[in-house]
Amino acid sequence: MKKSTRIILSVLIGTALTAVSYYFMLPPINLQSTGFWLYLLMVICFYALPLGVIKNIPGVKNGHAVKPKFNKIFIIIAAIPVAVLVLGGVISSSFFNAQKYAAVIEVKESNFAEDMPEADVVTNISLMDTASASILGNRTLGALSDVVSQYDLSEDYNQINYRGTPKKVANLEYVDIFRWFNNMEQGIPGYVMVDPVNNNAEYVKLDQPMKYVDSGYLTDDLMRKLRFSYPTKIFSSVNFEINDEGQPFYIVSCMAPRVGLFGAMDVSEVIIFNPCDGSSEIHPVSEAPAWLDNVYDGYLACEKYDWYGTLSGGFWNSVFGQKNCKQTTEDFGYIVIGDDVWYFTGVTSVTSDESNIGFIISNARTGEYKYYPVIGAEEYSAMGAAEGKVQEKGYVASFPSLINVAGQPTYIMVLKDQNGLVVLYALVNVETHNIVATGDDQREAKEAYLELLLERGVITPEEKPEVETKSAEITIADVRLATVGGETVVYITAEDGIVYKGQLALDETLILLRAGDSVVVTYEETQHEKIRLVSVWTQSTP
């Protein structure tokens, strides 16, 4: 083969390999991306190998060993991206830039009681984890035979604030390439929205289906559409959300280094992508619209605080002395404050992780941080305490969140059965994690928790918050007793079908009630429409 022909053929092969690899790998064309330099190194190899970077193939010829000879020009060219990756990584590392890493965020100390006022029922916290949300979502989807046969539900349930309340949303996705091929003209017809407070889910059918999704292929692939629209952007998290009108969007966080060439990657811009028509808009992170919820990823939020907590005293202090070094715990929860979703996690000392020295919340849209110096048990200890309260049941606790009960920082969480369904609510005192109360709903668990605080002398009767109650005159149809979590509970069914429940330990006169008795009940509403929690009973007529 002539040299000119070999060169032309080699260039064609290299170009074809480069184009195909770019179509499937989708690297950003950005000098501040390590992925770009790795891709560039691969492209150099695509061109170098056909052109003869190795002049001699190693082996044996005429009884003599043949050593390979390398084309020095391509070796030099290939060394460029390698050098950039190595040198760029070194000069961008925390070893040389500890203070810059620590200064990526600002953390202000806040007042726990002021920022988190006490509420009768917690409606701003997602107590349900993704696994439980997935169970509810799949059950809802399973009832739709025409949908479940062609689509599956995404495993990524994203936490959002929908009209002032926490929700988890997940879009439908193609099961495989064959289902995509059969349904690509129809697109993705809808999504599932889970209410993590009331433990229910609903399927929302879209007027205009989604065309560009993560489970699509070729031109329908979400990341391919994004890459061709924004070839230089470094994509990070991609989250499915809906606005207050229920319209679906993908929120795409774009990254940029805050230190050196590659160091301290942080969100700089956000893309709002419409998967129905493929339109999009990009905003600086400081100008992100208020309805967005997931601009900053929870793991990134924790990582940035760890930079702040461990590197503020310098790199060597973070390795050896570790004076005043602190870090986040292993997981995080969610809370809705105002119109925003915030991440919540505990903060522990690097030298000891058996207890928390405080807590942080981080705004998922703006990246703002607040620190609360609340000392007490770390989250996993509290989860263990809640599980131990009903250990004979084998229930598993979800990751907790933090609420204010009578001025006491308190963990709240749900307990799940072996099927992953929420069966109980639990409250655990942060400072004294052996104060644990459970209940079928939040009100019941909170009432039991307040009684424990009173018994232990943690609060006085005057500090116990007043509970709004109502009264009704009923005729009893049935009375039953049951043991729940080691406590005797009395269930009284009225003739209208409403069930009233009370704890025998709090009012022993409940044992005297019989079917046919007419009584006046004082009760408080619960999350269950047909079940009410009794606080006081007064017999009206024997």
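Arg224 sits over the face of Tyr23 in this predicted model. The distance to the ring centre is 4.1 Å. Lys211 lies over the face of Tyr212, at 5.6 Å from the ring centre.

One aromatic cluster brings together Tyr22, Tyr23, Phe24, Tyr39 and Phe228.

**Aromatic pairs**

The structure holds 26 aromatic pairs. A pair of aromatic rings is described by the distance of the centres and the angle of the planes.

| Pair | Type | Centre to centre | Angle between planes |
|---|---|---|---|
| Phe95 and Trp316 | edge-to-face | 5.4 Å | 85° |
| Phe112 and Tyr372 | edge-to-face | 6.3 Å | 85° |

Take Phe95 and Trp316. Phe95 belongs to helix H4 (residues 94-102), and Trp316 belongs to helix H11 (residues 315-319). These parts are 221 residues apart in sequence, so the pair ties them together. How accessible are the two partners? Phe95 is partly exposed, with a relative accessible area of 39%. Trp316 counts as exposed, at 52% relative accessibility.

Now take Phe112 and Tyr372. Phe112 is in helix H5 (residues 112-115), while Tyr372 is in strand E18 (residues 369-372). The two are 260 residues apart, and their pair links distant parts of the chain. Are Phe112 and Tyr372 buried or exposed? Phe112 is buried, and Tyr372 is buried too.

**Nonpolar cores**

The largest nonpolar core has 38 residues. Which of them touch the most other members? They are Leu172, Ile242 and Ile271. Strand E7 (residues 188-195) gives this core its largest share, five residues.

Leu172 is worth a look on screen. Leave out residues up to four places away in sequence, and Leu172 still touches Leu141, Val147, Tyr151, Asp152, Leu153, Ile188, Pro189, Gly190, Tyr191 and Tyr203.

Another core lies apart from the largest one. This core has 26 residues, including Ile361, Met383, Phe399 and Ala426.

**Cysteines**

How many disulfides are there? With a cut-off of 2.5 Å between cysteine sulfur atoms, the count comes to zero. Cys45 is partly exposed, with a relative accessible area of 36%. Cys325 is buried, with a relative accessible area of 4%. Buried means under 20%, so Cys325 falls in that class.

Definitions and conventions:
Residues numbered from 1 in each chain as written. Predicted model: local features only at pLDDT ≥ 70, side-chain atom pairs only at ≥ 80, totals over all residues. Heavy atoms only, no water. Phe/Tyr/Trp six-rings, centres within 6.5 Å; stacked < 30°, edge-to-face > 60°. Helix = DSSP H or I, 4+ residues; strand = E, 2+ residues; numbered from the N terminus. Buried < 20%, exposed > 50% of the residue type's maximum accessible area, 1.4 Å probe, protein only. Lys NZ or Arg CZ within 6 Å of the ring centre and 35° of its normal. Core = buried A, V, L, I, M, F, W, Y, C linked by side-chain atoms within 4.5 Å. Contact = heavy atoms within 4.5 Å.
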